[in-house]
Amino acid sequence: PILASAHENGCICLWRIQGNLVKELLPFSKYPSVPLTALCTDISSKMLLAGSKEGHIMRWSIASFLEDPQNNKNQIKEELCWRAHSNEVVDLFHEEEKNVVVTASIDGSVRLWHAMNGYYLGYFGQPRKFDLSDISRLILPCDVSNIPTIIKEESKHVEKTKMFEYPLMLDRDK
């Protein structure tokens, strides 16, 4: 068994039950790390979801890693990030049969999202029934303007090149 913990610095730590740290994850995003406020997995522990203080939801694929954590080839892959609320996410869960994620915010709103693409499906208390059959249309709640970001593997690994320092020098001839 592996235990996941979310931290103030935006990091997720995966631990063995004995207390040994197995892996440390930082979400890949263009935004600076923000405190994580909620975590959940699907029933089969193939997917890890995290909610942040700024209202973002991040989804990782963890199935291959959990099969053999010692094998370095089995990586945890962040696959999707979307803005679910304009305020802090206080809770979330994945409903596997319908493949939806339910999120709750500090502002009192509870929203429904498609788990695979982060598309908005509606909110609890809306006058119409949820339509879970049409997941091809991208609609957003009124307080969210960012579309879901699919994280491609190649965008995560940026080659680091050796940095050279060149001091600024005045060349009077130029």
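Student: In which sense do strand 7 and strand 12 pair, and over how many bridges?

Tutor: Strands of a sheet pair through backbone hydrogen bonds, and the pairing is either parallel or antiparallel. In this predicted model, strand 7 pairs with strand 12 (residues 149–150) in the antiparallel sense, over two bridges.

Student: Which residue of strand 12 is the bridge partner of Leu80?

Tutor: The partner of Leu80 there is Ile150.

Student: How many bridges link strand 6 and strand 7?

Tutor: Six bridges link strand 6 (residues 56–61) to strand 7 (residues 77–83), and the pairing is antiparallel. Within strand 7, the residue opposite Ser61 is Lys77.

Student: What is the strand order in the open sheet of three strands?

Tutor: The order is 1-2-3, with antiparallel pairing. Strand 1 (2–6) and strand 3 (21–25) are the edge strands, since each pairs on one side only. From one strand to the next, the twist averages 20°.

Student: How many bridges join strand 1 to strand 2?

Tutor: Five bridges join strand 1 to strand 2 (residues 12–16), and the two run antiparallel.

Student: Now an annotation. Which residues does UniProt list for "repeat: WD"?

Tutor: The UniProt record, an unreviewed entry, lists residues 82–113 under that name. In the model, this span is 59% strand and 0% helix, and its end C-alpha atoms lie 10 Å apart.

Student: Where is Ser109 found?

Tutor: Ser109 is in the loop between strand 9 (100–105) and strand 10 (110–114).

Student: Is Ser109 buried or exposed?

Tutor: To decide, compare the relative accessible area with the cut-off: a residue counts as buried under 20%. Ser109 has a relative accessible area of 18%, so Ser109 is buried.

Student: Which residues does Ser109 touch, leaving out those up to four places away in sequence?

Tutor: With that exclusion, Ser109 touches His85, Thr103 and Ala104. The contact with His85 includes a polar contact of 3.1 Å between the two side chains.

Student: With which side chain does the side chain of Ser109 make a polar contact of 2.7 Å?

Tutor: That partner is the side chain of Asp107.

Student: How does sequence separation compare with spatial distance here? What are the values for Ser109 and Tyr123?

Tutor: Ser109 and Tyr123 are 14 residues apart in sequence, and their C-alpha atoms are 7.3 Å apart in space.

How values were computed
Residues are numbered from 1 along each chain as its sequence is written. This is a predicted model: local features need pLDDT of at least 70, side-chain atom pairs count only at pLDDT 80 or more; totals for chains, interfaces and linings use all residues. Side-chain values use heavy atoms; hydrogens and water are left out. UniProt positions are given in the numbering used here, feature names are shortened, and annotations may be inferred rather than shown by experiment. Helices (H or I, at least four residues) and strands (E, at least two) are DSSP runs, numbered from the N terminus. Two strands pair if DSSP finds at least two bridges between them. Axes are lines fitted to C-alpha atoms, for helices over the stretch in contact, and angles run from 0 to 180 degrees between N-to-C directions. Buried means under 20% relative accessible area, exposed over 50%, partly exposed in between (1.4 Å probe, protein chains only). Contact means heavy atoms within 4.5 Å. A polar contact is a pair of N or O atoms within 3.5 Å; within protein, one must be able to donate a hydrogen and the other to accept it, and residues adjacent in sequence count only if both atoms are side-chain atoms.
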